[in-house]
Amino acid sequence: MMKKRLNIENPFFEFMGRLGDLALVNILFLICSLPVVTIGASLAAMYECFRRMREGEFVSAFRDFMGVFRESFKKATPIWLLMLATGAVLVFDLTFLGQAGTRGIWGIVGMVTGALMLLWEMVFAFLFPVVIWEEGSLKEKLVRSLYLAVRNLPYTLLMVAMNIILPVCIVLGDYFMGLVTPIYVVAGFGLIAFADVVLLERCKE
């Protein structure tokens, strides 16, 4: 009986092992994202790790993550820099419009900018899985991400909602940041990416 309970193939131990792998991938993602310019490759590596985990191809957090990180750096970095630049412009515009008010023409500009921000988030939700899982030019991957986002809108909106939890907490202030920061440092980014991978499996072509 004791041997059976301590069997490492027991579902409980398998679950705890996967949870540990998820936390390690999360930490590797944070470390490799520190230069900021490498965030795209880190995202691609994290998504690929969890895809392999789901399909039983996962070997180890360090080996899988770093291998994909090196392979995807050239593909993911230009796309990440483009998304970073456009996202920064949209955030700046929304901040400016928030101070300018919503009367008259500013209200219309604000709605258009908000719609563009939502579109950016929708494309972003699919972009780095597309980067690592599919071939094509930068333009083709952007178009592909937009197509998948629109075609699978309910899943897309759920992914967007999960992806913006941290930015929303930043906007809400120090109290909420204090609540979520420990979660994100330990496993938060990994949990959201893993949930995204599960949803991506259900998306239709």
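**Aromatic pairs and a helix crossing**

The structure holds eight aromatic pairs; rings of Phe, Tyr and Trp (its six-membered ring) pair if their centres lie within 6.5 Å, and planes under 30 degrees apart count as stacked, over 60 as edge-to-face and the rest as tilted. One of them is the tilted pair of Phe 29 and Phe 189, at 5.3 Å centre to centre and with 50° between the planes. Phe 29 lies in helix 2 (residues 11-33) and Phe 189 in helix 9 (residues 174-202), so this pair ties together parts that are 160 residues apart in sequence. Helices here are DSSP runs (H or I, at least four residues), as strands are (E, at least two), numbered from the N terminus.

Before I continue, a word on the source. This is a predicted model, in which local features need pLDDT of at least 70 and side-chain atom pairs count only at pLDDT 80 or more, while totals for chains, interfaces and linings use all residues. Residues are numbered from 1 along each chain as its sequence is written, and side-chain values use heavy atoms, with hydrogens and water left out.

Is Phe 29 buried or exposed? Phe 29 is buried, at a relative accessible area of 6%, whereas Phe 189 counts as partly exposed at 24%. Buried means under 20% relative accessible area, exposed over 50%, and partly exposed in between, with a 1.4 Å probe and protein chains only. Ring pairs also link Phe 29, Tyr 184 and Phe 189 into a cluster.

The axes of helix 3 (residues 39-55) and helix 9 come within 9 Å and cross at roughly 60°; axes are lines fitted to C-alpha atoms, for helices over the stretch in contact, and angles run from 0 to 180 degrees between N-to-C directions. Helix 3 and helix 9 are therefore oblique to each other, a term for angles that are not under 35 degrees (roughly parallel), over 145 (roughly antiparallel) or 65 to 115 (roughly perpendicular).

Finally, the overall picture. The protein has nine helices and zero strands, and buried residues make up 40% of its 205 residues.
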